Amino acid sequence: MTCIWNLRVFLFLVSVALAYKERECALPQREREMGSISMLFFFFLILVGCAVQSHGGKTSSFVRKDEKAIDMALDSDVFTVPAGYNAPQQVHIIQGDMNGEAVIVSWVTQDEPGSSKVLYGTSEEKLEFSAEGKVTQYKFYTYTSGFIHRCTLRKLKHDTKYYYEVGFGHTTRKFWFTTPPKVGPDVPYTFGLIGDLGQSYDSNRTLTHYEMNPVKGKTVLFVGDLSYADNYPNHDNVRWDTWGRFVERSTAYQPWIWTAGNHEIDFAPEIGETIPFKPFTHRYPVPYRASGSTTPFWYSIKRASAYIIVLASYSAYGKYTPQFKWLEAEFPKVNRSETPWLIVLMHSPWYNSYNYHYMEGESMRVMYEPWFVKYKVDVVFAGHVHAYERSERVSNVAFNIVNGLCMPLPDPSAPVYITIGDGGNLEGLATNMTEPQPEYSAYRESSFGHATFDIKNRTHAYYAWHRNQDGYAVEADTMWFYNRFCNAMDEPSASS
Ligand SMILES: [Fe+2]
């Protein structure tokens with residue numbers, strides 16, 4: 001941002017100089033000469049200052065060894081099918097309502113439908129509650145899915161550890177989760193951030209680093225692109241199953257809030273598969289109805305002191321579309337006195353200075369950015385670009401078709417944009433960046449990793465990005481967030 005500010009300072013000084021020149025005409029010649037020399041020296045100093053400071057943010061000097069990301073073999077231990085006839089597998093949970101008093105449990109049984117019942121309770125020995133779910137199945141080209149169960153547990157107490165068991169009739173398995181605290185403005189809560197995960201050896205490192213991070217994430221905000229099954233011939237859906245088993249070690253115990261990415265589209269008319277998002281919507285339910293949404297691709301939830309809006313980069317978002325109308329009505333519903341932290345998830349980033357997927361988010365930015373500024377979104381997390389980037393607080397909303405004012409400018413009401421598509425999938429890293437680094441880009445690095453967003457209270461949240469090459473506790477890029485509604489002061493320079 002320094003150059004933009006310096007440009008403004010420079011223009012100000014030019015106007016000062018012109019005013020000085022007018023006044024100078026009235027002075028004797030020697031004094032005029034001395035004044036001109038002083039003025040020239042003064043301008044020289046300003047120009048040097050501009051030249052020294054005219055750069056964007058930081059492009060990390062860390063160079064990761066450039067290796068191809070390779071998917072883990074089908075017989076890898078992380079893909080092991082649990083023992084026992086018709087044992088539940090690919091278990092995962094997600095918040096099941098608006099306020100965190102419900103959880104949707106999902107799992108797959110491979111041999112027969114079995115039971116969709118969940119027993120649950122606060123004592124591991126005595127699961128006193130029971131809920132009945134339903135089962136579904138889908139075909140994709142020559143693949144037929146296992147039996148996919150989903151069951152919603154309701155009226156849960158806040159901030160409580162629940163045990164739950166699935167697989168009745170044959171092999172049962174037991175897991176646990178902790179419900180979030182009651183929604184409120186000063187409720188501390190820690191979110192994990194993962195995107196574009198896939199199922200490579202790097203993906204496994206990312207998940208391990210998230211699990212081993214001493215700052216314990218309680219819920220993952222996942223910014224899209226889950227299994228990358230569509231990179232296999234005929235979108236081999238077996239890779240959706242392996243992915244579900246791989247991530248179960250986290251997804252069975254804490255909610256992952258899903259965002260649809262382009263690898264969830266699975267549109268393959270060449271093999272007769274013309275219903276977009278078929279595997280994703282069958283496997284990964286989200287509580288979209290709770291926020292008045294009409295499809296699973298955009299929705300919102302409240303969790304602790306955060307209001308989280310999930311948007312769909314690959315559903316229509318133009319004026320008059322269902323997503324547009326929903327979002328237009330959704331922003332005014334956010335009560336920042338109840339949930340001060342307003343977080344938006346999407347897959348395709350709006351501010352991206354890598355040459356990969358460059359400008360793909362632009363049309364959605366043009367449609368929605370004025371609302372993001374008006375409603376003071378704190379932070380936007382996106383994926384898609386397989387690298388890491390954090391922006392300054394900027395907006396680019398002055399432009400209309402005749403004024404030519406298209407330029408990201410510092411804006412304290414604007415969100416910070418974070419691209420965290422660095423989960424480590426088989427497509428490898430995005431390494432090619434636009435040069436020079438744009439003014440709005442605060443930090444960027446081509447490494448795999450994850451982040452945490454640690455809300456302390458209504459005014460402060462601590463954000464940290466971790467690269468996989470470091471020890472579990474090492475923070476590669478950090479920032480103290482000041483809440484845009486409760487504490488809208490300039491944040492101190494991020495340390496990175
Ligand atoms: Fe993507």
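His 149 is found in strand S9 (residues 147–153), strands being DSSP runs of E of at least two residues and helices runs of H or I of at least four, both numbered from the N terminus. The model is predicted, so that local features require pLDDT of at least 70 and side-chain atom pairs count only at pLDDT 80 or more, whereas totals for chains, interfaces and linings use all residues. Residues are numbered from 1 along each chain as its sequence is written, and side-chain values use heavy atoms, with hydrogens and water left out.

With a relative accessible area of 1%, His 149 is buried; this class covers values under 20%, exposed covers those over 50% and partly exposed those in between (1.4 Å probe, protein chains only). The side chain of His 149 is joined to that of Thr 109 by a polar contact of 2.9 Å. A polar contact is a pair of N or O atoms within 3.5 Å; within protein, one must be able to donate a hydrogen and the other to accept it, and residues adjacent in sequence count only if both atoms are side-chain atoms. A polar atom of the His 149 side chain also lies 2.9 Å from the backbone oxygen of Pro 113. Residues up to four places away in sequence being left out, His 149 touches Val 105, Ser 106, Trp 107, Val 108, Thr 109, Pro 113, Gly 114, Ser 115, Ser 116, Lys 134 and Val 135, where contact means heavy atoms within 4.5 Å.

Arg 444 belongs to strand S23 (residues 441–445) and is buried, its relative accessible area being 0%. Its side chain makes a polar contact of 2.8 Å with the side chain of Ser 353.

For the chain as a whole, the secondary structure comprises seven helices and 26 strands. Of its 496 residues, 57% count as buried. Among contacts between residues at least 6 apart in sequence, 71% join residues at least 24 apart.

Two helix pairs were examined. Helices H3 (residues 201–212) and H4 (residues 238–251) pack at an angle of about 10 degrees, with their axes 11 Å apart. Axes are lines fitted to C-alpha atoms, for helices over the stretch in contact, and angles run from 0 to 180 degrees between N-to-C directions. H3 is therefore roughly parallel to H4, given that angles under 35 degrees count as roughly parallel, over 145 as roughly antiparallel, 65 to 115 as roughly perpendicular and the rest as oblique. The contact of H3 with H4 has four nonpolar, four polar and two charged residues; Ala, Val, Leu, Ile, Met, Phe, Trp, Tyr, Cys and Pro count as nonpolar, Asp, Glu, Lys and Arg as charged, and the others, Gly among them, as polar. On the H3 side the residues are Ser 203, Asn 204, Leu 207, Thr 208, Tyr 210 and Glu 211, which meet Phe 246, Val 247, Arg 249 and Ser 250 in H4.

The axes of helix H6 (residues 322–330) and H7 come within 11 Å and cross at roughly 10 degrees, which makes H6 roughly parallel to H7. Gln 323, Phe 324, Leu 327 and Glu 328 of H6 make the contact with Met 364, Met 367, Tyr 368, Trp 371 and Phe 372 of H7. By class, the contact of H6 with H7 divides into seven nonpolar residues, one polar and one charged.

A search of the whole structure finds 38 aromatic pairs. Rings of Phe, Tyr and Trp (its six-membered ring) pair if their centres lie within 6.5 Å; planes under 30 degrees apart count as stacked, over 60 as edge-to-face and the rest as tilted. Trp 256 and Trp 258 form a tilted pair, 5.7 Å centre to centre with 40 degrees between the planes. Trp 256 is buried at a relative accessible area of 0%, and Trp 258 counts as buried at 1%. Trp 350 and Tyr 417 also form a tilted pair, with 5.9 Å between centres and 40 degrees between planes. This pair links distant parts of the chain, 67 residues apart: Trp 350 lies in the loop between strand S17 (341–345) and helix H7 (362–374), and Tyr 417 in strand S22 (residues 416–420). Both Trp 350 and Tyr 417 are buried. Elsewhere, ring pairs link Tyr 120, Phe 129, Tyr 162, Tyr 164, Phe 175, Trp 176, Phe 177 and Tyr 253 into a cluster.

Lys 68, in the loop between strand S1 (58–59) and strand S2 (89–95), is exposed, with a relative accessible area of 67%. Lys 68 and Gly 428 are 360 residues apart in sequence, but their C-alpha atoms are 6.0 Å apart in space.
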